[in-house]
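Biologist: Please show me the sequence and the structure. Then I will ask about them.

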Amino acid sequence: MRRFLLLATLLLAATAAAQPYKTVKDISYLEAPDTLRILAIGNSFSEDAVENNLWNLLDAAGIPAVVANMYIGGCTLERHWNNSVADAPAYRYRKVRGGVTTERRDVRLSEALADEAWTHVSFQQASGLSGLVATYEPYLTSLVGYVKGLVPSGAVLAFHQTWAYACDSDHPEFPVYGKKQATMYGRIMNAVASTLADHPEITLLIPSGTAVQNGRTSVLGDTFTRDGFHLNYSFGRYTAACTWFAALTGLRASDNPWAPEGVDAETAAICRKAADLAYDQPYAVTDIDDALAPGSQARYRSERCKLDIYYPAKGKKPFKTLVWLHGGGLTGGQKYLPQQLMEKGIAVVAVNYRLYPQAKCPAYLQDAAAAVAWTFRHIAEYGGDPSQIYVSGHSAGGYLTLMLALDKGWLAACGVNADAVSAYYPISGQTATHFTIRTERGISYTTPIVDGMAPLGNVRVLGTRLLLFTGERSREMMARYEENLYLKSVLEGIGNSPVPIYEFEGADHGTVLSPAFEVILQDMGR
């Protein structure tokens, strides 16, 4: 086999030597937004936040959307779960499409989840319990599992953070927090942060509670509610909708000109800024007079999400393509074209993706998936074969490669079957949850975690090929070879064909690239 692969490599190289190559730099791989389809599983607090104003904000930004809410007043996570088990026709289902609201009553969760190809589904706890972390489980875990089984693979799961009551609220559950707004707000923040740390599959937080609290530092003061707990019909609801807009799109609400009738320009500006400040700092109050963080997530993403294509300019048949994801710990690094892969008869697509701390998990995974999906859609325009696309990356890029291979949801969200990739070649990738994601959660990098953000937490029977590469175990990064060996064992243990693992003698975390590229080129030449 080794002799055959070497011969294939030599033939590939001989063909490549006769071909001119081109490089096109800094191509944006972001596509125009598809219709957002947003379903809130909530109560009156989601009614305040999404049923009014959100569709208008998205429409003003040119983003097509369907916005819906499954409503039961005061509904808890426990009751939502019980309704799912009983398939109870217990909800009022309101949906906004094209600016027109329709309503159905006595609707089941299963019916609503099947009604649209939802791109986003949100959960929230009832307001009075939202600061009591013990009330979230086991109901949220069970509800998330139920929803994931009924929505499209790749749908974003979100959590709606609720707000603290007005200082003079007479809500019967306010005494649980000593009838102190600051206490209630702090306990909501702690409960949500703790809960989401245990639920990496919930990848989007909508920080409405912090937005309202930010707004209370302005001249509007503690006037955001109409009865001490529900938001007022004008700027209160508008603030929550602005928060959803910012969280869903990454755009600044402050740049969106739309405001509802009855909200004057000065008040609207406060609401928008309160939402943007909450998006920047979702678990802490920011004074309304403080400056926003420079730029928006959407701007950062548009600047960062670029790729370079290096490809054979002329050829008798379509070429194969390797998508290459750089390393850098998810905190640094830039796209580059590895010299070892040039003039080998293949195309290389070198990808930039967003980095921590300017972006947080799972932004880099979403970007890696979007770049691969772009390659599937566009490589034929350059002469490539869309049925011969391979994915590889080093270190952090190796981690991203593994996640795309094992958790099919990331590529599915971009319209690509992960098994349509001809092979995955992760080089020195972490197979536990990446240490930068642990850092983001306040966990030491030396503490191994295996959850939904770990390749090991997503093992499956593969419909494509996977090869693992590391340097020599004594020279590699801590436990890198051992993690990959364990992944190989688990994958084979659940029924996969033998997964090749290459431990290159004498190679460390950096010098592993040259021998790895040699094997990759041989494998691509099969």
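**Sheet and rings**

Modeller: This model is predicted: local features need pLDDT of at least 70, side-chain atom pairs count only at pLDDT 80 or more, and totals for chains, interfaces and linings use all residues. Residues are numbered from 1 along each chain as its sequence is written, and side-chain values use heavy atoms, with hydrogens and water left out.

Biologist: In which sense do strands β2 and β6 pair?

Modeller: Strands (E, at least two residues) are DSSP runs, numbered from the N terminus. Two of them pair if DSSP finds at least two bridges between them. β2 (residues 36-42) and β6 (residues 120-123) have four bridges, and the sense is parallel.

Biologist: Which residue in β6 stands opposite I41?

Modeller: Look along β6, residues 120-123. Opposite I41 stands F123.

Biologist: Which strands stand at the edges of the sheet?

Modeller: The open sheet has seven strands, in the order β5-β4-β3-β2-β6-β7-β8, with mixed pairing. Each edge strand has a single partner, so one side is left without a neighbour in the sheet; these strands are β5 (100-107) and β8 (202-206).

Biologist: Are the rings of F224 and F235 stacked or edge-to-face?

Modeller: Rings of Phe, Tyr and Trp (its six-membered ring) pair if their centres lie within 6.5 Å; planes under 30 degrees apart count as stacked, over 60 as edge-to-face and the rest as tilted. By this rule there are 17 aromatic pairs. For F224 and F235 the centres are 5.1 Å apart and the planes are at 90°, so the pair is edge-to-face.

Biologist: Are F224 and F235 buried or exposed?

Modeller: Buried means under 20% relative accessible area, exposed over 50%, partly exposed in between (1.4 Å probe, protein chains only). By this rule, both F224 and F235 are buried.
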